[in-house]
Amino acid sequence: MAPVNVTVTGAAGQIGYALLFRIASGHLLGPDTPVSLRLLEIPQAVKAAEGTAMELDDCAFPLLSGIEITDDPKKAFDGVNVALLVGARPRTKGMERGDLLEANGGIFKPQGEAINAGAASDVRVLVVGNPANTNALIAQSHAPDVPRERFTAMTRLDHNRALSQLSAKLGRPITDIKKLTIWGNHSATQYPDLFNAEIDGQSAAALVNDEAWLADTYIPTVAKRGAAIIEARGASSAASAANAAIDHIHDWVNGTPEGDWTSMAIPSDGSYGVPEGIISSFPVTCSGGEYSIVQGLEINDFSRARIDASVAELVEERDAVKSLGLL
Ligand code: NAD
Ligand code: LMR
């Protein structure tokens with residue numbers, strides 16, 4: 001079997017370090033699929049990426065057929081099948097939101113162009129670098145020849161956090177919880193929906209039976225977990241983010257389990273009143289390498305208000321990058 005080309009940007013960063021070894025050991029695509037890694041970094045970090053590559057070599061992974069390291073997006077994305085866009089410009093002191101969006105535009109525009117120019121016809125793109133949804137939109141808009149649904153952003157970490165918090169509250173194993181959804185943006189406005197989630201066929205929200213806990217504890221705990229990790233660790237989540245990236249691509253390629261779904265931020269087709277085109281998180285099932293939005297869910301007033309608020313933030317972000325000429 002020919003190896004699958006997997007490109008990781010920001011490969012010398014903390015998520016990169018937690019991600020690469022799991023890709024090379026077969027967790028991303030399965031135990032029978034060889035992978036060839038391309039590591040993209042900025043020139044100053046190429047040497048550190050080379051160090052990580054030395055360690056990858058030293059693991060003698062049977063599935064790892066090669067590693068290339070470059071600071072040139074065109075080389076990094078030539079023939080790419082799976083692109084994990086992790087490297088991004090973090091917000092630094094005194095930086096305004098517009099500055100952050102502009103700095104990330106400088107990264108995701110050329111990467112989108114390079115994907116457009118050289119990617120394999122089956123390319124799948126996951127954007128992890130923040131602001132992930134809007135960075136995905138920027139990359140997508142510069143890759144007009146790639147089907148737009150191939151550009152996705154990561155809300156799987158939020159999904160996993162939401163599972164874990166619910167499991168702790170109800171004292172039920174994670175595996176009992178099905179059909180949980182993160183809606184909206186990977187930001188503090190995201191909405192983890194328990195009204196459509198199920199445990200043994202019963203509504204998770206009904207089992208919790210405490211709307212105040214839902215509104216005042218559960219939702220903010222999940223939505224602000226990233227900030228809580230930064231506060232505790234002094235750095236943003238890395239291993240859990242890498243784990244979620246593995247889950248996202250693994251399920252997209254290999255399918256979601258029967259009777260369950262997952263959360264992915266994907267270009268909206270207008271479902272559930274989310275404006276067409278913005279990259280927003282939805283409940284999705286995956287099969288045959290394609291995802292589809294779960295249709296027909298009931299959205300109550302509690303959920304509607306929260307989905308609308310997160311979507312409004314995404315529309316604002318889209319308009320901001322549009323006015324900066326990044327789309
Ligand atoms: P990090 O600072 O440790 O690493 C980022 C790496 O990206 C650095 O090595 C940097 O040199 C590289 N980089 C910067 N610009 C680049 C470019 N143009 N091309 C290639 N590489 C480039 O950061 P990290 O902890 O690995 O986090 C990476 C990103 O992921 C951040 O934006 C973070 O906010 C985001 N994140 C997202 C989620 C999520 O759930 N979506 C979760 C955690 C972190
Ligand atoms: C997370 O959810 O852990 C990160 O997106 C937080 C961040 O700002 O890097």
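Predicted model: local features only at pLDDT ≥ 70, side-chain atom pairs only at ≥ 80, totals over all residues.
Residues are numbered from 1 along each chain as its sequence is written, ligands are numbered from 1 in the order in which they are written, and side-chain values use heavy atoms, with hydrogens and water left out.

**Ser-280**
- You'll find Ser-280 in strand 13, residues 279–287; strands are DSSP runs of E with at least two residues, and helices are runs of H or I with at least four, numbered from the N terminus.
- Skipping neighbours within four places in sequence, Ser-280 is in contact (heavy atoms within 4.5 Å) with Asn-133, Gly-184, Met-264, Ala-265, Ile-266, Val-274, Val-311 and Leu-314.

**Ligand 1**
- There are 23 residues around ligand 1, and Gln-14, Ile-15, Glu-41, Val-128 and Asn-130 come nearest; a residue makes the list if one of its heavy atoms lies within 4 Å.
- Helix 1 (14–24) and helix 4 (97–118) each give at least two residues to this shell.
- Sorted by class, the shell has twelve nonpolar, ten polar and one charged residues; Ala, Val, Leu, Ile, Met, Phe, Trp, Tyr, Cys and Pro count as nonpolar, Asp, Glu, Lys and Arg as charged, and the others, Gly among them, as polar.
- Oxygen atoms of ligand 1 pair up with a polar side-chain atom of Gln-14 at 2.8 Å, with one of His-186 at 3.2 Å, and with a polar backbone atom of Gly-13 at 3.4 Å.
- On its own, ligand 1 has 870 Å² of accessible area, and the protein covers 82% of it (Shrake-Rupley method, 1.4 Å probe).

**Ligand 2**
- Around ligand 2 sit Asn-130, Arg-161, His-186, Gly-226, Ile-230, Ser-236 and Ser-237.
- That shell splits into one nonpolar, five polar and one charged residues.
- His-186 turns up again here, with a polar side-chain atom 2.7 Å from an oxygen atom of ligand 2.
- Asn-130 has a polar side-chain atom 2.8 Å from an oxygen atom of ligand 2, and an N or O atom in the side chain of Arg-161 is 2.8 Å from an oxygen atom of that ligand.
- Taken alone, ligand 2 exposes 270 Å², of which the protein buries 73%.

Key. Polar contact = N/O pair within 3.5 Å; in protein donor to acceptor, adjacent residues only side chain to side chain.
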